[in-house]
Amino acid sequence: MSAALVVFLLGAAFRGSPAETTGALAKVWNMNDRVRRTEEEWRKLLTTEQFNVTRRKGTERAFTGVHWNNHAPGTYRCVCCDLDLFSSADKFDSGTGWPSFTRPASAENVATKPDRSLFAARTEVLCPRCDAHLGHVFEDGPAPTGLRYCMNSAALKFVKQAEEKK
Ligand SMILES: [Zn+2]
């Protein structure tokens with residue numbers, strides 16, 4: 001088989017993949033694709049701020065992160081494992097100083113858990129693939145969901161729309 005034919009066949013297979021034909025923005029996570037690392041490994045891969053937020057459930061100071069005022073089109077991925085978490089299409093200006101979204105890019109791509117720390121009943125938002133702490137979700141958001149996913153910039157990696165296919 002010639003090299004040109006192989007390239008052609010690979011290209012055809014790629015164009016026919018389900019994610020392309022459905023037009024879905026997010027790569028949907030599947031349960032068999034877990035990412036597990038030791039604390040030492042995470043420390044090496046992440047900055048101190050990223051480690052404190054994602055692996056220690058920290059919260060960055062408001063208005064200090066890199067994403068709260070980002071209005072560019074693109075996808076926000078997990079800083080630890082690259083899972084697609086949120087789309088710029090669902091981002092809104094909450095005035096809180098943290099990047100805020102009305103919904104995740106795909107329901108399967110975020111996990112939630114009750115959080116009773118800080119003397120308040122809140123709902124923690126986690127990455128289902130690597131268990132990174134991302135932030136919290138509150139029920140005071142705008143339409144269409146009424147939800148406010150209040151995230152830490154340090155937990156997110158922004159990928160501009162033009163670069164998403166890479
Ligand atoms: Zn993750």
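Predicted model: local features only at pLDDT ≥ 70, side-chain atom pairs only at ≥ 80, totals over all residues.

**Loops and the strands they join**

Modeller: Phe63 is exposed, with 11 other C-beta atoms within 10 Å. Residues are numbered from 1 along each chain as its sequence is written.

Phe63 sits in the loop between helix 4 (48-54) and strand 1. Helices (H or I, at least four residues) and strands (E, at least two) are DSSP runs, numbered from the N terminus. The phi of Phe63 is near 65°, a positive value in a residue other than glycine. Most residues other than glycine have a negative phi, and most peptide bonds are trans.

Two strands count as paired if DSSP finds at least two bridges between them. Thr75 has Ser87 of strand 2 as its bridge partner. The hairpin of these two strands has five residues between them, and there Asp82 takes a positive phi near 75°.

Val79 is in the loop between strand 1 and strand 2. With 26 C-beta neighbours inside 10 Å, Val79 counts as buried. Leaving aside neighbours within four places in sequence, Val79 is in contact (C-beta atoms, placed from the backbone, within 7 Å) with Gln50, Thr54, Ala154, Ala155, Leu156 and Lys157. Val79 and Ser153 are 74 residues apart in sequence, yet their C-alpha atoms are 9.2 Å apart in space.

Strand 1 is also joined to strand 9 by five bridges, again antiparallel, and Tyr76 stands opposite Phe158 in strand 9.

Another loop, between strand 6 and strand 7, holds Asp131. Its phi is near 65°, also a positive value in a residue other than glycine, and with 17 C-beta neighbours inside 10 Å Asp131 counts as partly exposed. Strand 6 (residues 122-126) and strand 7 (residues 133-138) run antiparallel and are joined by four bridges. Within this pair, Glu124 has His136 of strand 7 as its bridge partner.

Both strands belong to an open sheet of six strands, ordered 3-4-8-7-6-5 with antiparallel pairing. Strand 3 (91-92) and strand 5 (111-115) are its edges, each with a single partner strand, so one side of each is left without a neighbour in the sheet.

The loop between strand 7 and strand 8 contains Pro144. A cis peptide bond joins Ala143 and Pro144, with omega about 5°.

Ala155 links several of these regions. Its contacts, apart from neighbours within four places in sequence, include Val53, Val79, Ala132 and Leu134.

How values were computed. Contact = placed C-beta atoms within 7 Å. Buried ≥ 20, exposed ≤ 12 C-beta atoms within 10 Å, placed from the backbone.
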